[in-house]
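Let's take a walk through this model together, from one residue out to the spaces between the elements. Keep the 3D view open as you read.

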Amino acid sequence: MSVDILREAWQRVSIGERVALATLVATRGSTPQKVGARILVRGDGGSLGTLGGGAVEAEAVREAAAQLGWGEPVLREYALSTGTDEWGLACGGTMVVFIESLAEEALGWLRAVTEASGSGGEPLALVTVVEGPQAGRRLLVREGDPPEAPGEPGLERAAAELGRRVLGEERAELMSIESVRLYAEAFAPDPALVIVGAGHVGKALATLGKFLGLRVTVVDDRAEYASRGRFPEADEVLAGPVGETLGTIAVSARTAIVVAMRNHDLDFEATAAAVRTPARYVGLMGSRRKAILVAERLLADGVPPDRVRALRSPIGLDIGARTPQEIALSILGEWIMLRQGGRGTPLQLGEELFAKAAGRTTVATPSATGGGDR
């Protein structure tokens with residue numbers, strides 16, 4: 001995990017060791033790693049993390065090792081391959097990697113991002129000048145913070161705006177401003193899942209959510225259901241009135257709240273409390289009719305229309321789910337799609353490429369006079 005590498009860098013630099021860091025800040029085409037991947041190179045030649053292996057990683061490690069000699073930060077583009085094949089598909093991609101040495105002056109931002117990523121941490125965006133004057137300078141952007149100055153006022157404003165954008169969208173971005181390139185990345189605690197309803201779907205959600213690395217909280221008004229014995233995998237299990245209990249839970253934009261109670265009144269009570277939180281994903285299980293009725297009641301109750309419109313109900317992706325486990329998969333799949341900017345569409349080959357492949361293949365067919373084994 002990227003933050004583990006930064007935590008390791010912080011620990012090593014804090015005891016006086018000098019290390020070098022290579023960060024993947026942009027990609028084009030097909031690449032083995034996504035933006036934000038990192039590799040840390042130590043003074044003894046060892047390393048932690050990966051950029052995907054192969055020749056590109058070996059070259060990045062070599063350049064990072066050279067940075068240990070107090071070299072200047074560099075931004076490198078590595079082409080995995082060039083051109084297109086006979087199918088019109090790109091043969092490979094390009095990886096843009098920022099390489100730098102880290103010493104005592106990096107301790108401040110290293111500590112800030114590792115604390116932001118820990119349990120209860122305050123999310124922030126780290127904006128780095130990766131090319132141009134002042135390469136290596138950092139700006140920390142938190143919600144509501146006044147901008148700090150990494151350079152001239154124009155760059156300061158652009159960096160702060162970029163940081164706020166990636167913080168709100170929980171992602172990373174490389175941006176060019178005249179002769180300067182800025183890389184911004186959001187850091188925050190692991191996403192949290194709050195399940196309101198300790199029935200069969202709630203149980204399946206807790207199990208799958210924990211498997212996905214989420215902090216899981218279960219809420220129900222029935223103590224016999226909201227119990228440690230039923231939810232040993234949950235980080236927290238709370239029994240009490242659902243609306244009131246939701247108000248006691250720390251909720252951020254990185255929290256998903258799923259309401260799956262046993263009747264309409266409880267569904268409305270929990271959903272009304274959930275949509276008044278900052279949670280980016282609020283979902284309600286049930287039919288279209290239930291979704292309409294709850295939406296009408298929420299609007300009549302004074303909930304802003306844009307917040308009601310964002311309610312995911314009926315909940316989940318349409319995968320034909322039937323069992324509680326399949327329903328949980330469709331719900332968490334939808335949340336992942338929303339968080340990571342996916343489209344929820346199949347990735348299989350399109351008809352044009354398949355038709356071309358089929359046209360080049362001789363398909364054996366049974367004989368019209370018998371066929372089969374003889």
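## Starting at Ser-117

Leaving aside residues up to four places away in sequence, Ser-117 touches Val-3, Phe-187, Ala-188, Pro-189 and Asp-190. Keep in mind that this is a predicted model. Ser-117 sits in helix H3. With a relative accessible area of 13%, Ser-117 falls under the 20% limit, so it counts as buried.

One of those contacts, Val-3, takes us to H1, where Val-3 is among the buried residues together with Ser-2, Ile-5, Leu-6, Ala-9 and Val-13. These residues cover an arc of only 155 degrees around the axis, so they are on the same side of H1.

Just after H1 comes Gly-16, with a positive phi of about 95 degrees.

Is Ala-26 buried or exposed? Its relative accessible area is 15%, so Ala-26 is buried. Not counting residues up to four places away in sequence, Ala-26 touches Val-35, Thr-94, Met-95, Val-96 and Leu-174.

Now for the empty space. Rolling a probe the size of a water molecule over the atoms shows where empty space is left. A search of the whole structure turns up two cavities of 30 Å³ or more, and the largest cavity has a volume of about 80 Å³. It is lined by 14 residues, with Thr-23, Arg-38, Thr-128, Arg-138 and Tyr-183 nearest its centre. Strand S1 (19-29), strand S6 (124-131) and strand S9 (180-187) are the elements that give two or more residues to this lining. By class, the lining of the largest cavity holds nine nonpolar, two polar and three charged residues.

The largest pocket has a volume of about 1,500 Å³. Of the 41 residues that line it, Glu-170, Arg-171, Ala-186, Arg-339 and Gln-340 lie nearest the centre. The elements giving two or more residues to this lining are helix H1 (2-14), helix H4 (153-169), S9 and helix H10 (324-340), and the largest share, five residues, comes from H10. The lining of the largest pocket divides into 19 nonpolar, 12 polar and 10 charged residues.

The second largest pocket comes in at about 540 Å³. Its lining has 27 residues, and the closest to its centre are Gly-120, Pro-189, Asp-190, Ala-192 and Arg-215. Strand S10 (192-196) and strand S11 (215-220) are the elements that give two or more residues here, with the largest share, three residues, coming from S10. The classes in this lining are 12 nonpolar, nine polar and six charged.

Most residues other than glycine have a negative phi, and most peptide bonds are trans. Gln-134 is not a glycine, yet its phi is positive, at about 65 degrees. Gln-134 is in the loop between S6 and strand S7 (138-141), and its relative accessible area of 31% makes it partly exposed. Glu-178, also a residue other than glycine, has a positive phi near 55 degrees. Glu-178 is in the loop between strand S8 (172-177) and S9, and at 83% relative accessibility Glu-178 counts as exposed. As for the peptide bonds, a cis bond joins Ser-313 and Pro-314, with omega about -5 degrees. Pro-314 lies in the loop between helix H9 (305-309) and H10.

Technical notes:
Residues numbered from 1 in each chain as written. Predicted model: local features only at pLDDT ≥ 70, side-chain atom pairs only at ≥ 80, totals over all residues. Heavy atoms only, no water. 1 Å grid on protein atoms, 1.4 Å probe; cavity = no way out; pocket = protein on both sides within 12 Å on 5 of 7 lines; lining within 4 Å. Points joined across faces, edges and corners; volume = space filled by probe spheres on them. Helix = DSSP H or I, 4+ residues; strand = E, 2+ residues; numbered from the N terminus. Nonpolar A, V, L, I, M, F, W, Y, C, P; charged D, E, K, R; others polar. Buried < 20%, exposed > 50% of the residue type's maximum accessible area, 1.4 Å probe, protein only. Arc of directions from axis to C-beta. Contact = heavy atoms within 4.5 Å.
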